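Please keep the 3D view open as you read.

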Amino acid sequence: MGATGVVRRTVAAGPPGDAQRGERERKHRLSGALPGGAHGFPQTTEDSGLLRYTVRRLGQLLIVTVVLSVLLFGWLRALPGGPVSALLGERATEESRARLVEQLGLDQPLYVQYWKFLGRALTGDFGVSTGVQPGTPAMEVFLQRMPATLELSVLALLLAVAVGIPLGYLAARRQGGWLDNLSITWSLIGVAVPVFFLAFLLKYVFAIEFGVLPASGRQEAGLDATHATGFYVLDGLLTREWDAAWNAFVHLLLPAVALSTIPFAVIFRLTRASVLDVVEEDYVRTARSKGLGAMVVRGRHILRNAMLPVVTTIGLQTGALLSGAVLTEQVFNIAGLGQALSLGFQRQDYAVLQVVILATAMVYVLVNLLVDLAYAAIDPRLRTR
Amino acid sequence: MALLEVRDLSVRFVRRHEPTVSAVDGISFDVHPGSTVGLVGESGCGKSVTSLAIMGLLPQRGTEVSGSAKLAGSELLRLSRREFDRRRGKEIGMVFQDPLTSLNPVVPIGVQISEVIERHRGLSRRDAKREAARLLDRVGIPDPTRRLGEYSHQLSGGMRQRALIAMALACEPRLLIADEPTTALDVTIQAQILSLLRELVAETDTALIMITHDLGVVAGMCDEVNVLYAGRIVERAQRHELFSRPRHPYTAGLMASVPRLDSPRGQRLAPIDGSVADNIPWERGCAFSPRCGNALAVCGQRAPELETTDAGEQLRCHNPVDATETVERADD
Ligand SMILES: Nc1ncnc2c1ncn2[C@@H]1O[C@H](COP(=O)(O)OP(=O)(O)O)[C@@H](O)[C@H]1O
Ligand SMILES: [Mg+2]
């Protein structure tokens, strides 16, 4: 070169210098790695990194469960009243009280009680229900009721994802359009209106006023359906009792819609914001410059990146679902874990409260672990370096 | 006939609550097969917007594009998005400034190359993958088959730009647009990427539009050079003529601000006075006149037209630098 002896150098007022480039590079890395950073993913070359990570998270799960069980144990017993008053009423004789207290082991020091509880819990024995279903082992109460809540939550989450993600994408691509404004308003209402109220409203309009959907319960009693797993929709499908499956599904609809509003709003808004960010990215422009069809640009280049923060949020929504289930099950009279919780608190059923709360906490932690692993599956920056 | 004919291309960004920006203001130039044309100028003078307009990649909302850009005689500017998608990547390839952000971080490099091959060359997935490996090898990436499965964060800056060049050239386009392809790279890598581009373009007889603010790049790559200022071409000449006899004061200023091997030791570099913030709108006069050492009274009153000089160059100036005055250069 050097036809004229010019040495390569940026001319006056040249564009991005090193500082700016460094900034951009850092921002780019951060934007990808931030959620991962929050997850504390190891950044190693080996696949064993992910395995180690999983093991560590399971270890954390154990610690969380033990700590929670201690706190829960103490906290429940610090509440006024107690299972004895709940069982016998305020006007029971001293003697009968004392007998029951001894029977339940409540006269022993708290740490002894806890120690015994822990020993039994490790064998799967969480004690006997004193209030929700008196006389039934708490574990059995949990297992009986769990499918109803799980069915409801899964359907609610599916609704939230199936509506929230496509709508979030469309709203972002037509930013400021009527669909965008409408869905933003809708999602705001979804967050602002209490689940309890919304559940009542839905029930009133669709079940009572118009009578198009059932008002309560999980399935019509007269159907005589077989219940193998306790998941009624699944049961119906497995046994090919289609009418039973359909009936259970129809019963789920209103509560699931009520329960899905908050997760929907969160997923919708995050998808929208994330898509708005991603369409501005240089790599989307690169994809367009290659003349790829709209489908490939949308799916492979926009959505795959835009889904990263959304995936994390979906895990966090498990919490909202479980707390929302308490209210929803109440309104629609569904014999699930949420109902067991509210009954358990009313009747001071230590055994049932303990097993339900510990189990849901574990589910929450496990779901979020799965979500983190799913995140790593989408984002190679967390798997390799 | 020219491969690409750009005529009177203007791009305006119309924003609510903000003054309209006239980013490109009546630009015309030709690109012939196998030749390299430079678009040179300071940051913000409209180089990228010109290339994005030709590629149909400007944001659709709030953008007014007028004029014409014909590729092999067929108009690009009025294509629908779908029609554009059939030609982008196939007939025109583009390489962008920042290889890090221009690659999708969650899609393997191999897929990002083979997708364009599948799309335009109708190859099966397997053949496209093999072709992608061949391309990676061609742009000088070692161990290409392994690289296909890697992601952008696993590549160095230079490799990333090589991969992007492989994508842009995957369908052997007749025209390649490179928008500051080396600005984000280390100096040693810059030279490698430039020589790779030069080699590929020569080999396949591809026409190249080289966008840069770096006169060194121009000197090493371009046959013809368009100097842009505030959205207009102020000087157009063959590379040799431009460097040996810059006529526009702005071009001359650019050259004076670059160190030269043959300049006397200790001589100060002379950056151009002021900044683009001092510009006046072209409607009122020459946009460069407030910064111009040669400015006359007329410069602030009436904008000069782009005219052909006796030497056959194109020049937009009322009072050009005298040809004899600046000739201190020497070697060729
Ligand atoms: N999308 C946009 N909206 C508004 N103004 C823009 C947009 N893109 C570029 N511009 C403006 O157009 C002018 C030319 O920009 P550009 O072509 O990117 O300059 P460069 O020569 O550095 O590549 C600049 O003033 C820039 O601010
Ligand atoms: Mg630019």
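## Terms and ground rules

Two strands count as paired if DSSP finds at least two bridges between them. Helices (H or I, at least four residues) and strands (E, at least two) are DSSP runs, numbered from the N terminus.

This is a predicted model, in which local features need pLDDT of at least 70 and side-chain atom pairs count only at pLDDT 80 or more, while totals for chains, interfaces and linings use all residues. Residues are numbered from 1 along each chain as its sequence is written, chains are lettered from A and ligands numbered from 1 in the order in which they are written, and side-chain values use heavy atoms, with hydrogens and water left out.

## The eight-stranded sheet of chain B

Start with the open sheet of eight strands in chain B, ordered β6-β7-β8-β3-β9-β10-β12-β11 with mixed pairing. At its edges stand β6 (92-95) and β11 (307-308) of chain B; each has a single partner strand, so one side of each is left without a neighbour in the sheet.

Within this sheet, β3 (residues 36-40) and β9 (residues 224-229) of chain B run parallel and are joined by four bridges. B:Val37 stands opposite B:Glu224 in β9(B). Helix α11 (residues 249-256) of chain B packs on the sheet and touches β9 and β10 (232-238) of chain B, where contact means heavy atoms within 4.5 Å. The direction of α11 makes about 100° with that of β9(B); axes are lines fitted to C-alpha atoms, for helices over the stretch in contact, and angles run from 0 to 180 degrees between N-to-C directions.

## The four-stranded sheet of chain B

Chain B also has an open sheet of four strands, in the order β2-β1-β4-β5, with antiparallel pairing. Its edge strands are β2 (21-31) and β5 (74-75) of chain B, each pairing on one side only.

Eight bridges link β1 (residues 4-13) to the antiparallel β4 (residues 63-71) of chain B, and B:Leu4 has B:Leu71 as its bridge partner in β4(B). Helix α1 (residues 47-55) of chain B lies across β1 and β2 of chain B, at about 110° to β1(B).

## Around ligand 1

Which residues are around ligand 1? Among them are B:Phe13, B:Arg15, B:Gly46, B:Lys47 and B:Val49, each with a heavy atom within 4 Å of the ligand.

A polar side-chain atom of B:Arg15 lies 3.1 Å from a nitrogen atom of ligand 1. On the backbone side, a polar atom of B:Gly46 is 3.1 Å from an oxygen atom of the ligand, and a polar backbone atom of B:Val49 is 2.8 Å from a ligand oxygen atom.

How values were computed. Polar contact = N/O pair within 3.5 Å; in protein donor to acceptor, adjacent residues only side chain to side chain.
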